[in-house]
Amino acid sequence: RAGRFEEADRGTLFLDELGTLSMGAQERLLRAVEYGEVTRIGASRPIRVDVRIVAATNRDLGREVAEGRFREDLFYRLNVVAIRTVPLKDRPEDVPVLAGRYLAELAGRHGMPLCTLSPAAVDVLQQYAWPGNVRELRNFMQRAYILSDQVLDAPTLDAGPARCTATALTDRK
């Protein structure tokens, strides 16, 4: 059956967590990128593919190359346009915007009233380090929404969003 590269032919393939690929997988990926060919498991002939690659990782691939855990040739082949993002902990002004968006998406998806954040809750969320970045914030907002009333307040958020419980929430209208 067709693999990911075949399915993405004349399109874009997103590779998440690129930095965790094994050396063998890196070799196969390099071959696909370099020559535009993939071979199905058990097949004897390669298949031509035209795929744009977008890749993401939370690792410093330059350091991974220097330490021998990532192929230098693959790094340079994929590193055409690098977009570096600043961790959420270094941009606290984005937290309320993202949190509000996640709450609005949840309300729309579930046909429920919009849950909002009190100013005190926003302050607590902005002070949290968010080691899991936006994924952690999104999961937290989902948990808070499920447990929430109309306004998410801050009384127990002071211990950090990872410890939020239903007692941190006020009445839903």
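Residues are numbered from 1 along each chain as its sequence is written, and side-chain values use heavy atoms, with hydrogens and water left out. Because the model is predicted, local features need pLDDT of at least 70 and side-chain atom pairs count only at pLDDT 80 or more, while totals for chains, interfaces and linings use all residues.

The secondary structure of the protein comes to 7 helices and 6 strands. Both kinds of element are DSSP runs numbered from the N terminus: helices are H or I with at least four residues, and strands are E with at least two. From the N terminus on, the order is α-β-α-β-β-β-α-α-α-β-α-α-β. The protein has 173 residues, and 32% of them count as buried. Buried means under 20% relative accessible area, exposed means over 50%, and partly exposed lies in between (1.4 Å probe, protein chains only). A contact means heavy atoms within 4.5 Å. Among contacts with a separation of 6 or more, 64% come from residues 24 or more positions apart.

Helix 5 covers residues 94-110. The expected span of a helix is 1.5 Å times one less than its number of residues. For the 17 residues of helix 5 this gives 24 Å, and the end C-alpha atoms are 24 Å apart, which agrees. The buried residues of helix 5 are Val-95, Leu-98, Ala-99, Tyr-102, Leu-103, Leu-106 and Ala-107. Their cover includes strand 5 (116-117), helix 6 (119-127) and helix 7. Gly-111 follows helix 5 and has a positive phi, near 60 degrees.

A search of the whole structure finds 12 salt bridges. A salt bridge is a side-chain nitrogen of Lys or Arg within 4 Å of a carboxyl oxygen of Asp or Glu. One of them joins the side chains of Arg-135 and Asp-16 (2.9 Å, N to O). This pair links distant parts of the chain, 119 residues apart. Arg-135 sits in helix 7 (residues 133-147), and Asp-16 sits in the loop between strand 1 (11-15) and helix 2 (23-35). Arg-135 is partly exposed, at 43% relative accessibility. Asp-16 is also partly exposed, with a relative accessible area of 37%.

Another salt bridge pairs the side chains of Glu-67 and Arg-69 (2.2 Å, N to O). Glu-67 counts as partly exposed at 44% relative accessibility, and Arg-69 counts as partly exposed at 41%. The side chains of Arg-71 and Asp-73 also meet in a salt bridge (2.7 Å, N to O). Arg-71 is partly exposed at 24% relative accessibility, and Asp-73 is partly exposed at 37%. Salt bridges that share partners join Asp-16, Glu-17 and Arg-135 into one network.

Rolling a probe the size of a water molecule over the atoms shows where empty space is left. On a 1 Å grid over the protein atoms alone, a pocket is an open set of points with protein on both sides within 12 Å along at least five of seven lines, and lining residues have an atom within 4 Å of a point. Grid points are joined across faces, edges and corners, and a volume is the space filled by probe spheres set on the points.

The largest pocket holds about 1,400 Å³ of space. Its lining has 32 residues, of which Ala-55, Ala-56, Thr-57, Asn-58 and Ile-83 lie nearest the centre. Strand 4 (51-55), helix 3 (61-66), helix 4 (72-78) and helix 7 each give two or more residues to this lining. By class, the lining has 17 nonpolar, 7 polar and 8 charged residues. Ala, Val, Leu, Ile, Met, Phe, Trp, Tyr, Cys and Pro count as nonpolar, Asp, Glu, Lys and Arg as charged, and the others, Gly among them, as polar.

The second largest pocket has a volume of about 700 Å³. It is lined by 23 residues, with Phe-5, Arg-28, Ala-32, Val-38 and Thr-39 nearest its centre. Helix 1 (4-7), strand 1, helix 2 and strand 2 (37-38) each give two or more residues to this lining. Helix 2 gives the largest share, 6 residues. The classes are 12 nonpolar, 2 polar and 9 charged.

Arg-10, a residue other than glycine, has a positive phi near 65 degrees. Arg-10 lies in the loop between helix 1 and strand 1 and counts as exposed at 74% relative accessibility. Asn-133 has a positive phi of about 55 degrees although it is not a glycine. Asn-133 lies in helix 7 and is partly exposed, with a relative accessible area of 29%.

Definitions and conventions:
1 Å grid on protein atoms, 1.4 Å probe; cavity = no way out; pocket = protein on both sides within 12 Å on 5 of 7 lines; lining within 4 Å.
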